[in-house]
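Let's take a walk through a protein model together. Have a look at the picture first, and then we'll go through it strand by strand.

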Amino acid sequence: MEIKPNLNIYPNPAESFVKISFSLPKAQDAEISLYDLNGKLVLQRNTESLLQGANEIILDVSGLPESIYFCHINAGEKKMVKKLIITR
């Protein structure tokens, strides 16, 4: 059975913390990166030993200015992207 990668960010828009949930086809490490609208990397977090199937990561975005960002998750050959809006 193949697990389709999906990426959900809640709440979105967010103020201080977001819950990032996604599924992986196998247990592996992942890299979570946030980019601003200019393509500049503004936040990066490496995760280790994520599980096959559903995963959840809590990310502190309170230090980021109000704007639109793109959340990238790279896990092996799986790449996922979703828009994130930070409001105050």
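**A walk across the sheet**

L34 stands opposite C71 in β6. That's a handy place to start, and there is another pair like it: I32 stands opposite I73 in β6. Before going on, a word on what you're looking at: this is a predicted model, where local features need pLDDT of at least 70 and side-chain atom pairs count only at pLDDT 80 or more, while totals for chains, interfaces and linings use all residues. Residues are numbered from 1 along each chain as its sequence is written, and side-chain values use heavy atoms, with hydrogens and water left out.

What holds strands together in a sheet? Strands of a sheet pair through backbone hydrogen bonds, either parallel or antiparallel. Here, strands are DSSP runs of E with at least two residues, numbered from the N terminus, and two of them pair if DSSP finds at least two bridges between them. β3 and β6 run antiparallel and are joined by five bridges.

Now zoom out. Four strands make up an open sheet, in the order β4-β3-β6-β7, with antiparallel pairing. β4 (41–50) and β7 (78–86) sit at the edges with a single partner strand each, so one side of each has no neighbour in the sheet. On average, neighbouring strands in this sheet are turned by 15 degrees against each other, direction ignored (axes are lines fitted to C-alpha atoms, and angles run from 0 to 180 degrees between N-to-C directions).

β6 (residues 67–75) pairs with β7 in the antiparallel sense over nine bridges. Across this pairing, H72 has V81 as its bridge partner in β7, and N74 stands opposite K79 in β7. The two strands form a hairpin with two residues between them, and there G76 takes a positive phi near 65 degrees.

Is G39 buried or exposed, or something in between? G39 is partly exposed, because its relative accessible area is 49%; the cut-offs are under 20% for buried and over 50% for exposed, with partly exposed in between (1.4 Å probe, protein chains only). Although G39 and F70 are 31 residues apart in sequence, they are 8.6 Å apart in space, C-alpha to C-alpha.

Stay in that loop between β3 (28–35) and β4, and you'll find D36. D36 is buried yet has no salt bridge, meaning a side-chain nitrogen of Lys or Arg within 4 Å of a carboxyl oxygen of Asp or Glu. The nearest side chain of opposite charge, K40, is 5.7 Å away. (Lys and Arg count as positive, Asp and Glu as negative; His and the chain ends are not counted.) The D36 side chain does reach the backbone nitrogen of N38, at 2.9 Å. D36 also touches V42, I68 and Y69, leaving aside residues up to four places away in sequence; contact means heavy atoms within 4.5 Å.

Last stop: Q28, found in strand β3. Q28 counts as buried because its relative accessible area is 13%. Leaving out residues up to four places away in sequence, Q28 touches S49, L50, A75 and G76.

How values were computed
Polar contact = N/O pair within 3.5 Å; in protein donor to acceptor, adjacent residues only side chain to side chain.
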